[in-house]
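Reader: Could you take me through the features of this structure one by one, giving the general idea before the particular case?

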Amino acid sequence: MRDLWSGPVHYTIQGVGVRAGRWSSPGHGQVKVTPVATQTLTVHQRAARSTVALKVLMAVTGIFLILFLLMHAWGNLKAFFGPEAYDHYAEWLKSDILYPLVPKGWFIWIFRVFLVACIVGHMASAYVLTLRSRAARGSYQRKDRRAQTFSARTMRWGGIILLMLLLFHLGQFTLKWFLTGFTASSTPYESVVLTFQQWYMVLLYALFVGTVCIHIRHGIWSALTTLGANTSRVARRNLNVTAIAVSALLFVGFMVMPVAVLFGGIK
Amino acid sequence: MKITLNIWRQANAKAEGRLERYMLDGVSEDMSFLETLDLLNEQLTAENQEPVAFDHDCREGICGMCGVVINGAPHGRYSSSVPTTTCQLHMRSFADGAEITVEPWRAGGFPLIKDLVVDRSAFDRIIQAGGFISVNTGSAPEAHATPAPKLEADRAFDNATCIGCGACVAACPNGSAMLFTAAKITHLAMLPQGQPERYSRVKSMIAQHDAEGFGGCTNIGECASVCPKQIPLESIAQLNRDLMKSLFRREGK
């Protein structure tokens, strides 16, 4: 497993010999000399630890997280059916799912462990790939951007901001560490309504959801391309349209409830 | 035409590099970009200065030898409306009095040799790792003995047009050579002759790609947008598909 985390390991193939050195970054005059590691892994093992394999891990975990978000957004709409319906839904999530196949209250923990595993896998692969990319890219005096989208450019920092906002979100509604207008004994419905009656909470939530949607606009396209779905010019267009459509749907799906609370549609 | 060139000068990989400013008069708009550099070098030689080192060979856009980053885009794609190599970029793409910045391909996998020349032998080693088919070559076989479907044959041909210039790596924010590797993979994966080694090939070529210090692909598309041979981004998806399948096969299969 160690090699998965060790970044680019340099090998030479037979008969080629030692590489002299690598790019020296402009203005520093330093040369990184590539150490030539002893070849200990087989070709299959190296391919299984390659950037492409790591990307597949990132794509699959990302897709699971997007599916979770779609379900979450759908569930939030329960608030339009009143306090009883919403609180019953919240209760059901934590107790009755998959009962009697598993004891009451087990499913939510299985699900939480799965989601945390997805987030950890997603971030770990992102971390390793970012380190490899940093070492591999050149720094230009002048660089022209031609094809990349804002979404693609902000994947890494956007992801980190997203993690911070996620931790706040969990601390707010799940762990109830940050009581934003409600008390620790408030029902789920009360917590949500009391929070989103404050305009700045709606704004913060919009920032959170907006960051998610910008992240998954490139994320959906990139995950599906990594998994090989980009097979033609038409497929490329369809994948991009899908990515934009799902992102927009998710933004609207998450924002209607808080906005309805703010303007008094839900009390 | 009168132009100003800001050219990256660096004596060797260990030396400190910097952009140097050169004024050049008498540039014809029919000159190619490389001829402009020739003109500059004649001038520098006459002034008893070190000429600018740059790679070039056929000057017909088919050998993959030339290539510099012009105004921030490999092969000067920002200046040209058509896919082009540096040798086929003409000065009529620039305005009179233009200021042009010229830099080498910068990437971890391309160590600098001098000025605008980088060492692209990493590409050779990726090809050596599996970019071939192992068949006994005798006399040419009868043409219809091995049928190749039209669509696959076209894709193979499109990808075979890759000249290995390295513009994709130079354009990539991750310093990834995935488009180059994908072109070679797709070229051979689409042909009947490429099938026996198809999955062992993708494993060994990716392993070598990573070992050379190239980064991973983030599906941004900068590479395909500067490719002088218009290798499509779809080739990378083909490589991903083949690699995923190959991981379910044993060592050497």
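This is a predicted model: local features need pLDDT of at least 70, side-chain atom pairs count only at pLDDT 80 or more; totals for chains, interfaces and linings use all residues.

Reader: How many helices and strands does the secondary structure of chain A come to, and how many does that of chain B come to?

Author: Helices (H or I, at least four residues) and strands (E, at least two) are DSSP runs, numbered from the N terminus. On that basis chain A has 10 helices and 0 strands, which read along the sequence as α-α-α-α-α-α-α-α-α-α, whereas chain B has 8 helices and 7 strands. The C-alpha trace of chain B spans about 60 × 40 × 35 Å along its principal axes.

Reader: What share of the residues counts as buried in chain A, and what share in chain B?

Author: A residue is buried if 20 or more other C-beta atoms lie within 10 Å of its own, exposed if 12 or fewer, and partly exposed in between, with the C-beta atoms placed from the backbone. By this count 28% of the 267 residues of chain A are buried, and 53% of the 253 residues of chain B. Among contacts between residues at least 6 apart in sequence, 68% in chain A join residues at least 24 apart, and the corresponding share in chain B is 70%.

Reader: In what order do the 5 strands of the open sheet in chain B lie?

Author: Strands of a sheet pair through backbone hydrogen bonds, either parallel or antiparallel. Here two strands pair if DSSP finds at least two bridges between them. The order in chain B is β2-β1-β5-β3-β4, with mixed pairing. Strands β2 (18-24) and β4 (73-74) of chain B stand at the edges with a single partner strand each, so one side of each is left without a neighbour in the sheet.

Reader: Into which domains is chain B divided?

Author: Domain bounds come from an automatic or database domain assignment. That assignment divides chain B into domain 1 (3-103) and domain 2 (120-134 + 146-246), whose centres, taken over C-alpha atoms, are separated by 28 Å. In the contact between them, 13 residues of domain 1 of chain B meet 11 residues of domain 2 of chain B.

Reader: Which residues touch the most other members of the largest nonpolar core?

Author: In soluble globular proteins, nonpolar side chains tend to be buried together. A nonpolar core is a set of buried Ala, Val, Leu, Ile, Met, Phe, Trp, Tyr and Cys residues joined through C-beta atoms within 7 Å. The largest one has 91 residues, and B:C168, B:V169, B:L179, B:F180, B:C223, B:C227 and B:I236 touch the most other members. Helix α9 (residues 199-226) of chain A gives the most to this core, with 10 residues. Domain 1 and domain 2 of chain B both give residues to this core, so it lies between them.

Reader: How many residues does the contact take from each chain?

Author: The contact takes 57 residues from chain A and 56 residues from chain B. On the side of chain A that touches chain B, α3(A) gives the most, with 6 residues.

Note on methods:
Residues are numbered from 1 along each chain as its sequence is written. Chains are lettered from A and ligands numbered from 1 in the order in which they are written. Two residues are in contact if their C-beta atoms, placed from the backbone, lie within 7 Å.
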